[in-house]
Amino acid sequence: MPQLSVIVYGPNAQGHLTELLDSLEAHPHSDAEVIVAAVGDWAREAAAGHAPETVVVPLPEDTGDAAARAAGAARATGRWLHFVHAKDSLPAGAARLIAERTAELDAEGTPGATRAAVDVLLLDHVSTTWQTAASPSRDGRLLAAVGREGLPVDESADLLRLTPMLGNRALRADFWRAHDEHLTTDDEPYAAQAALLHAGHVACLNQVAYEHRELRPESLPPRAPEDRFALIERYESLLALAKDRRAARAVVYDLMMRDLVRTFAGENLPDAVAREFFRRASLAAVRWRPEHHERPAGVEGVRHALLEEGAYTKYRAFQAANRTRRAAKKAVRTRKKQVGAKLRDQQYHRALSRPVDPNLAVFAAYWERGVACNPAAIAAKLRELAPHIHPVWVVSKSNEALLPPGTDHVIPGTRRYWETLATAKYLTNNVNFPNAVVKRPDAIHLQTHHGTPLKRMGLDQMEHPAAAKGLDFDALLGRIDKWDYSVSANGHSTRMWERAYPARYTSLDYGYPRNDVFYSATAADVRAARERLGIPRGKTAVLYAPTHRDYEAGFTPRLDLAELADRLGDNTVLLVRAHYFYGGAASPLTGLRRSGRIIDVSSYDPVEELCLAADALVTDYSSIMFDYANLDRPIVIYADDWETYRTTRGVYFDLMAEHPGQVARTQEELTEIFVSGSWRDDSAAKARAAFRRRFCEYDDGRAAERVVRRVFLGEPEEALPPVIPLEERTPAPTPEEASA
């Protein structure tokens, strides 16, 4: 019988389950078992891919947390149970820490021992939100004050003030089973507090053994206003449990009053709901008030008195007076900042008063670089399927000359720019529009993204300062809240976008429109692309496309390109593309064009045409690998600094374990891969096939059509072309096939 059963339960919310299981797998403990009560197919699939000793209990999609915990506990064989929600995390070694401490408690509580058996072990934790990472809790001081010795709950009632969640407490298995009818509830705070009130003795572990993750409320389904009544019911039930325990009842009552006042003050409830909440809260405050209970001093005491009195009108007046005082102080603080500041562009605000033009669409890509990427593919399909909708591109002044002839466009900051953004029905971008852009209720914002994420994105960059570099995460949240739709190329991207950009947009699991060309291009298209690039017939073209590194100031090729070209011989041409972040900074490539065997394609657009022309791709961590995989051509990963990149930038999965082909860690290894021919051998093909199954899930050549029909023409989901199964898709011909 193991000492500890770690019971992971719930749905794979925003993809966090995989990280949790990876952590458990990386730091296993011989006396701990892992039970995954997996809610839904994705949680089951994520759990099934981990250590074989992990026990997976598959549960239907609509299974609640309480039922999932119960199902996991029913399969557990450990002496102690630790319930871990699938969205949360465990610090390294947490299972070992809990297992060893509970073993000590078991030894202390054996028959003949001087100490009583402990039912609940309380743990410290850290909290992570969509804005902060691993913030210490306030529980540590209280846990330290109580100490490690097991105590009756009546002698340590202040422990009820600990954060009420099951993750920061381990429960003796037989104690859980004896009280499961009281603890099996979807109201986790109630279950956590009820466990303490039912326990005989509790003990503390003043060490962090849990990481609680709070998801952004705006990424979750909205709560009904009436749901707040459940808070009152929770506390009345807890007070009923504590009615004969004076110290515990006093603490629970204090907690109830604090939470009732905070809820009433902090939530903008409809008046009828607010009045009913206040009435019920007042009744509970009077009914359960302990004898000789003293109200807190100051403003808080006034709030408690008004609540007990049931004086709704007086309470609202008191609130209004406080708000007026706070507003006056804030006005004084901000007035200096406002002096000299200009109002937002007056033309823009005047334009916002005009009706939205249902036949006007704005497109932008890569921070106003021009017609490119997913927005370009969508705009092209829009001209075909909805010619009545007029597209206008946002392009910087420096890139204006590069636009295709006849492209209607606006320059950022101009009067027409603001007027167009204000009145357009559709706003499509593969990054974000400026913070100042107002989201009108009848406008539609379409976020297309520009790659499948290997590196951490959005809010997930908070843990990686080198990547974030001062990113304003509050402003980021404001921008993503404007999204109506988010385009995704695969399930991995969908889950990571939901996690990195938590908001209430609709995910369009349609594929990336820019990748449609990889299925529609003909042999003639492939030949034409190679001719434009100057690739001689019969030569092998290798596209080298490294990504940007946040810890480097500029682009320096990580390969000795001249030496590589010499080693690969006259029959190979290197197409070298520096990341677009570096603009014209690809000067190290100057002078490397040796007999046409090295071609600098850093400024060549579109990149999809480079992919069509290449026989193989060499990259490191660039998202181009996910797009190129659609062509089912060889990919080689050159990862000379994987550990540094993974640490400084953060990644969503281990590319060294889930790579799309051969992997080289040195230039010599890379050279050998091509010289030996292993770049296109059976093992490389096998790895690529697995990679394509995961990351080319929705790309089938009709992504742009699905987006236009759904977003711009308003067609229902069921009327759209279904995604073609991977095994039935036919990618564009290879250069070898095209020249045959």
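The questions and answers below concern helices, cysteines and a few single residues in a predicted model.

Visitor: How do helices H9 and H10 run relative to each other, roughly parallel or roughly antiparallel?
Guide: H9 covers residues 229-241 and H10 covers residues 246-266. Their axes are 10 Å apart and the packing angle is about 175 degrees. Angles over 145 degrees count as roughly antiparallel. H9 is therefore, relative to H10, roughly antiparallel.

Visitor: Which residues of H9 make the contact with H10, and how many residues of that contact are nonpolar?
Guide: On the H10 side the contact includes Arg-249, Val-252, Tyr-253 and Asp-259. On the H9 side it is made by Leu-231, Ile-232, Tyr-235, Leu-238 and Leu-239. By class, the contact has one polar and two charged residues, and the number of nonpolar residues is 10.

Visitor: Is H9 roughly parallel or roughly antiparallel to H11?
Guide: H11 spans residues 271-287, and its axis comes within 10 Å of the axis of H9. The two axes cross at roughly 10 degrees. Angles under 35 degrees count as roughly parallel, so the relation of H9 to H11 is roughly parallel.

Visitor: How many charged residues are in the contact of H9 with H11?
Guide: Phe-229, Ile-232, Glu-233 and Glu-236 of H9 take part in this contact. They meet residues of H11, including Glu-276, Arg-280 and Arg-287. The contact has six nonpolar residues and no polar ones, and the charged residues number five.

Visitor: How are H11 and H12 oriented to each other, roughly parallel or roughly perpendicular?
Guide: The axes of H11 and H12 come within 7 Å and cross at roughly 100 degrees. Angles from 65 to 115 degrees count as roughly perpendicular. The orientation of H11 and H12 is therefore roughly perpendicular.

Visitor: Which residues of H12 meet H11?
Guide: The contact of H11 with H12 divides into six nonpolar, one polar and two charged residues. From H11 come Phe-278, Ala-281, Ser-282, Ala-285 and Val-286. From H12 come Leu-306, Leu-307, Glu-308 and Glu-309.

Visitor: How far does H12 reach from its first C-alpha to its last?
Guide: H12 has 12 residues, 298-309. At 1.5 Å a residue, the expected reach is 16 Å. The value in the model is close to that, at 17 Å.

Visitor: Which residue just after H12 takes a positive phi?
Guide: Within H12, several residues are buried, among them Gly-301, Arg-303 and His-304. Just after H12, phi is about 75 degrees at one residue, Gly-310.

Visitor: Which cysteine has the sulfur closest to that of Cys-696?
Guide: Cys-696 is buried, with a relative accessible area of 1%. Its closest cysteine sulfur is 12 Å away, too far for a bond, and belongs to Cys-611.

Visitor: What is the phi of Cys-373?
Guide: Cys-373 is in helix H15. Cys-373 is buried, with a relative accessible area of 7%. Although Cys-373 is not a glycine, its phi is positive, at about 60 degrees.

Visitor: Which residues does Ala-379 touch, leaving out those up to four places away in sequence?
Guide: Ala-379 lies in H15, residues 373-385. At 1% relative accessible area, Ala-379 is buried. The residues it touches are Phe-363 and Trp-393.

Visitor: Is Thr-54 buried or exposed?
Guide: Thr-54 sits in the loop between helix H2 and strand E3. Beyond its neighbours within four places in sequence, Thr-54 is in contact with Val-34 and Val-36. Buried means under 20% relative accessible area, so at 15% Thr-54 counts as buried.

Visitor: Which residue is joined to Pro-606 by a cis peptide bond?
Guide: Pro-606 lies in the loop between strand E19 and helix H23. The omega of the cis bond is about 0 degrees, and the partner of Pro-606 is Asp-605.

Key: Residues are numbered from 1 along each chain as its sequence is written. This is a predicted model: local features need pLDDT of at least 70, side-chain atom pairs count only at pLDDT 80 or more; totals for chains, interfaces and linings use all residues. Side-chain values use heavy atoms; hydrogens and water are left out. Helices (H or I, at least four residues) and strands (E, at least two) are DSSP runs, numbered from the N terminus. The expected span of a helix is 1.5 Å times one less than its number of residues. Buried means under 20% relative accessible area, exposed over 50%, partly exposed in between (1.4 Å probe, protein chains only). Axes are lines fitted to C-alpha atoms, for helices over the stretch in contact, and angles run from 0 to 180 degrees between N-to-C directions. Contact means heavy atoms within 4.5 Å. Ala, Val, Leu, Ile, Met, Phe, Trp, Tyr, Cys and Pro count as nonpolar, Asp, Glu, Lys and Arg as charged, and the others, Gly among them, as polar. A disulfide is a pair of cysteine sulfur atoms within 2.5 Å.
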